[in-house]
Amino acid sequence: MIRHLVLFKLNEGVERDDPRVVEGVAAFRALGDLIPDLRFWECDWNITDRPIAYDFAINSAVDDADALQRYLEHPAHQAGVALWREFATWVIADYPF
């Protein structure tokens, strides 16, 4: 199995209630039900306010590298990424477990 972690940081001046953000969150929340290769899916807002904290997180898992690639290329994932590009930056980590 491969864990796929993503941490998002909203761009300066962008708030959680911005309509673009609301749409982006809805798009990512739906992925767990839309992409068959996802074995585990959760995402939500960070609850800490530390200066080094990111704002939103995705924690997911797939069976293998091929499944990860299919997830990354899936049209629903690509659509969500396109939305988030408008208002956030992110970091990722993919590792076997």
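Reader: In which hand does helix 1 pass helix 3?

Author: This is a predicted model. In it, the crossing of helix 1 past helix 3 is left-handed.

Reader: How is a pair of packed helices described?

Author: By two quantities: the angle between the axes and the distance between them. Here helix 1 spans residues 19–34 and helix 3 spans residues 75–85. Their axes come within 9 Å. They cross at roughly 160°.

Reader: Are helix 1 and helix 3 roughly parallel or roughly antiparallel?

Author: Angles over 145 degrees count as roughly antiparallel. Helix 1 and helix 3 are therefore roughly antiparallel to each other.

Reader: Which residues meet between helix 1 and helix 3?

Author: Helix 1 supplies Glu-23, Gly-24, Val-25, Ala-27, Phe-28, Leu-31 and Leu-34. From helix 3 come Ala-76, His-77, Gly-80, Val-81, Leu-83 and Trp-84. By class, the residues of this contact are 9 nonpolar, 3 polar and 1 charged.

Reader: Take His-77 in helix 3. Is His-77 buried or exposed?

Author: Buried means under 20% relative accessible area. His-77 has 8% relative accessibility, so His-77 counts as buried.

Reader: What does His-77 contact beyond its neighbours within four places in sequence?

Author: Phe-28, Leu-31, Ile-35, Tyr-71 and Leu-72. Among them, Phe-28 and Leu-31 belong to the helix 1 side of the helix contact.

Reader: Now the strands. Where is Trp-41, and is Trp-41 buried or exposed?

Author: Trp-41 sits in strand 2, residues 40–45. Its relative accessibility is 17%, so Trp-41 counts as buried.

Reader: What does Trp-41 touch, leaving out residues up to four places away in sequence?

Author: Phe-28, Arg-29, Leu-31, Gly-32, Ile-58, Asn-59, Ser-60 and Tyr-71. The Trp-41 side chain reaches the backbone oxygen of Phe-28 at 3.2 Å.

Reader: How far apart are Trp-41 and Trp-90?

Author: In sequence, 49 residues. In space, 18 Å from C-alpha to C-alpha.

Reader: Where is Lys-9 found, and what is its relative accessible area?

Author: Lys-9 is in strand 1, residues 2–10. The relative accessible area of Lys-9 is 29%, so Lys-9 is partly exposed.

Reader: Which backbone oxygen does the side chain of Lys-9 reach?

Author: That of Ala-53, at 2.6 Å. Ala-53 is also one of the residues Lys-9 touches, not counting those up to four places away in sequence. The others include Pro-51, Tyr-54, Asp-55 and Phe-87.

Reader: How far apart are Lys-9 and Arg-39?

Author: They are 30 residues apart in sequence. Their C-alpha atoms are 25 Å apart in space.

Technical notes:
Residues numbered from 1 in each chain as written. Predicted model: local features only at pLDDT ≥ 70, side-chain atom pairs only at ≥ 80, totals over all residues. Heavy atoms only, no water. Axes fitted to C-alpha atoms, helices over the stretch in contact; angles between N-to-C directions. Helix = DSSP H or I, 4+ residues; strand = E, 2+ residues; numbered from the N terminus. Parallel < 35°, antiparallel > 145°, perpendicular 65-115°, else oblique. Left-handed = near helix turned anticlockwise from the far one by under 90°. Contact = heavy atoms within 4.5 Å. Nonpolar A, V, L, I, M, F, W, Y, C, P; charged D, E, K, R; others polar. Buried < 20%, exposed > 50% of the residue type's maximum accessible area, 1.4 Å probe, protein only. Polar contact = N/O pair within 3.5 Å; in protein donor to acceptor, adjacent residues only side chain to side chain.
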